[in-house]
Amino acid sequence: MGFSYSVIPILKKSRALHRAEFGCLKKAFALNVTLGCGFACVYCYARGYAISPPKGIVYLYQNLPELIQKESRLLPRGTPILFNTASECFQLHPDILDVTYRTMAILLHRGFNIGFLTKGVVPEGFKRLFSRHVNQLQATIDVVSLNEDYCRLFEPAAPSGLARIEGAMRLCKWGLKPRARIDPLIPFYSDTEESFKPLLKAIKECGIKEVILNYLQLRPRIIERLQKELPSLVSKLILSCFPKESWDTVGSKTLSRLIPLPMRKRGYENIKKQAEKLGLKVIVCRCKNPDLDFTDACLPRWFKLEKPKKIYQPRLFEN
Ligand code: SF4
């Protein structure tokens, strides 16, 4: 199979598990299987990080399973561990999937709870592992539109929206209860009735019961990329929805620019109304919409950290 990106195996030298740094996920542990992501979504904030490789290059942490073997011994069973805070563990390359599988298998067998948000498709090879640990898994499928033009423009190398829905249907058959995340909603492209109506119908029909919504937020590097990778008229139209010049701190230390509240509110309400007609529960992401009054936390059902603990190195001789 050909790939539009090169996967370069590297050894991760630093810790694999780190505290999640965003909003209500703070204090969970998080990990990434790769540095960089071949899906190359134009709005991806992680592509703007100083350490991110250029488009088309993905570094794979090939020693991740060994690191996880060691580091997970120092955490209590049941600790929530989140995949994909800055990359994607279900990129299609077999070496990436192999590291993902081995890492998840260690964590699940040791009794950890795993959450992942993916724009990928979980392959059939994960069926046995996932079916045995359904109660420890929270899958969230990020799918913004079924429209192929949208996918080509904004998520050029990711599986199509339809493929992700089919993947979610398979997870439901395995006994998981995946959720859908429609994020980022892009004004004029994915917040229109023509876009969200068929998407919500497909989400409902595949067996998903809960949908999380969030609109696009800008960061300086995202603006640059929209201007560089989208046709000029498209990027101008999108950027015109962010009239405010100043930056806000939203959910993390990073500065962001939000779509004006009335426009976001109207968009969420339209989608919510349609989703609720279909019997879907809707959550508008609280961390990314701190100025809205009908938001909620979208944490996995098992996500609670009664006593957040530090990863510590045990001493050779304890007193
Ligand atoms: S799938 Fe996620 S990590 Fe990968 S490019 Fe898209 S937004 Fe970024």
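In which sense do strand S7 and S8 pair, and over how many bridges? The views below take up this question and others in a predicted model, in which local features need pLDDT of at least 70 and side-chain atom pairs count only at pLDDT 80 or more, while totals for chains, interfaces and linings use all residues. Residues are numbered from 1 along each chain as its sequence is written.

**View 1. Strand S8 and its partner S7.** Strand S7 (residues 113-118) pairs with S8 in the parallel sense over five bridges, where strands are DSSP runs (E, at least two residues), helices are DSSP runs (H or I, at least four residues), both numbered from the N terminus, and two strands pair if DSSP finds at least two bridges between them. Between S7 and S8 the chain passes through helix H3 (residues 127-132), and this β-α-β crossover is right-handed, meaning that, with the strands pointing away from the viewer, the path from the first strand over the helix to the second runs clockwise.

**View 2. Thr140 between two strands.** Thr140 of S8 is the bridge partner of Leu117, and the bridge partner of Thr140 in S9 is Arg179. S8 and strand S9 (residues 179-185) pair in the parallel sense over three bridges.
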